[in-house]
Amino acid sequence: MIVDRLSAPPVLLIGAVRGLYRESDAAIAELDRANPDHLGLALSPEEYEGIGTYFSDAEAETTVHLIENEKSEIRALTRWGEVRVPNPTAVRAIEWARLRSVPVHPLDPPEDGAAEMFTSSIGYVELVRRTLRERKLARTPPTATTPDDFALAWDRRLSVGSGSRELTLNRDSYLVAGARGVLEKSRNLAVIVDRERFEQVRSLLLAPKS
């Protein structure tokens, strides 16, 4: 996990490895220390609603269906500890905020907006190449010595194409615009993103407003 306390804008930015349970322990500890008055998460509104309804403080577990690429990522991550789906950092952060009546803001685009971003960035050739990269990743995950290195290597191999890089930039720009909107009413905002998104989101937050 990686953490940075930005002063301008005033944001506690947390980048946690997706799925790894021990990362959620570290993220919750950071939230306890910072005690933010608003919490932003790299989730779509639909993902946030689903986690809140079916997983956060749920009495029974809900079945999660995974594609082969996701199964491979989970199997590879287990060398560093317990892995859960959906992302335990998001689940526990939502529970943390609810217990303290802290407003939670899903900052990723909604499903229809995400689909539009994808189709505008990923052309046919890039789609074919991306699909082949996903299949290769599922067969041979990257080797790494730490969870951070693994998350970054996984993303680099998947997002090597220009269309994929454009897609991630558009998605992160959307998140940062939403975070700036929350900052208009927050004195102490915390934002949690997947580890591989941390550097770009941090750069966009620090960049002057256009």
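Me: In which loop is the place of Pro 9?

Reply: Pro 9 sits in the loop between strand E1 (2-7) and E2, where strands (E, at least two residues) and helices (H or I, at least four) are DSSP runs numbered from the N terminus. The model is predicted, so local features need pLDDT of at least 70 and side-chain atom pairs pLDDT 80 or more, whereas totals for chains, interfaces and linings use all residues. Residues are numbered from 1 along each chain as its sequence is written, and side-chain values use heavy atoms, with hydrogens and water left out.

Me: What makes the peptide bond between Ala 8 and Pro 9 a cis bond?

Reply: Omega is about 5° for the bond that joins Ala 8 and Pro 9, and the bond is cis. A cis bond also joins Val 85 and Pro 86, with omega of about 0°, and Pro 86 is placed in the loop between helix H3 (68-77) and H4. Most peptide bonds are trans, and most residues other than glycine have a negative phi.

Me: Which phi value does Asn 35 have?

Reply: Asn 35 has a positive phi of about 50° although it is not a glycine, and its place is in the loop between H1 and E3. Ser 101, in the loop between H4 and E4, likewise has a positive phi, of about 55°, without being a glycine.

Me: What makes a set of residues a nonpolar core, and how many residues has the largest one here?

Reply: The members must be buried Ala, Val, Leu, Ile, Met, Phe, Trp, Tyr or Cys residues, joined through side-chain atoms within 4.5 Å. The largest such core has 20 residues, and those with the most contacts inside it are Leu 31, Leu 39, Leu 41 and Ile 192. At least two core residues come from each of strand E2 (10-16), helix H1 (21-34), strand E3 (38-41), helix H4 (88-99) and strand E5 (189-194), and H4 gives the most, with six residues.

Me: Which residues are in contact with Ile 192, leaving aside its neighbours within four places in sequence?

Reply: Contact means heavy atoms within 4.5 Å, and the partners of Ile 192 are Ile 14, Leu 31, Leu 39, Gly 40, Leu 41, Ala 42, Thr 89 and Ala 93. Apart from that core lies another, of 16 residues, including Leu 183 and Val 201.

Me: Why can E3 and E5 be called a pair, and in which sense do they run?

Reply: Two strands pair if DSSP finds at least two bridges between them, and E3 and E5 have four, in the parallel sense. Leu 41 has Ile 192 of E5 as its bridge partner. Three bridges also join E3 to strand E4 (residues 104-106), again in parallel, with Gly 40 opposite His 105.

Me: Why is the contact between Asp 108 and Arg 197 called a salt bridge?

Reply: A salt bridge needs a side-chain nitrogen of Lys or Arg within 4 Å of a carboxyl oxygen of Asp or Glu, and in this pair the N to O distance is 3.0 Å. Asp 108 lies in the loop between E4 and helix H5 (111-121) and Arg 197 in the loop between E5 and helix H9 (198-206), so the bridge ties together parts that are 89 residues apart in sequence. Both residues are buried.

Me: Which residues form salt bridges with Arg 195?

Reply: Arg 195 bridges to Asp 148, with the closest N and O atoms 2.8 Å apart, and to Glu 199, at 3.0 Å. Arg 195 counts as buried because its relative accessibility is 5%, and Asp 148 is buried too, with 16%, whereas Glu 199, at 37%, counts as partly exposed. The whole structure holds 14 salt bridges.

Definitions and conventions
Buried means under 20% relative accessible area, exposed over 50%, partly exposed in between (1.4 Å probe, protein chains only).
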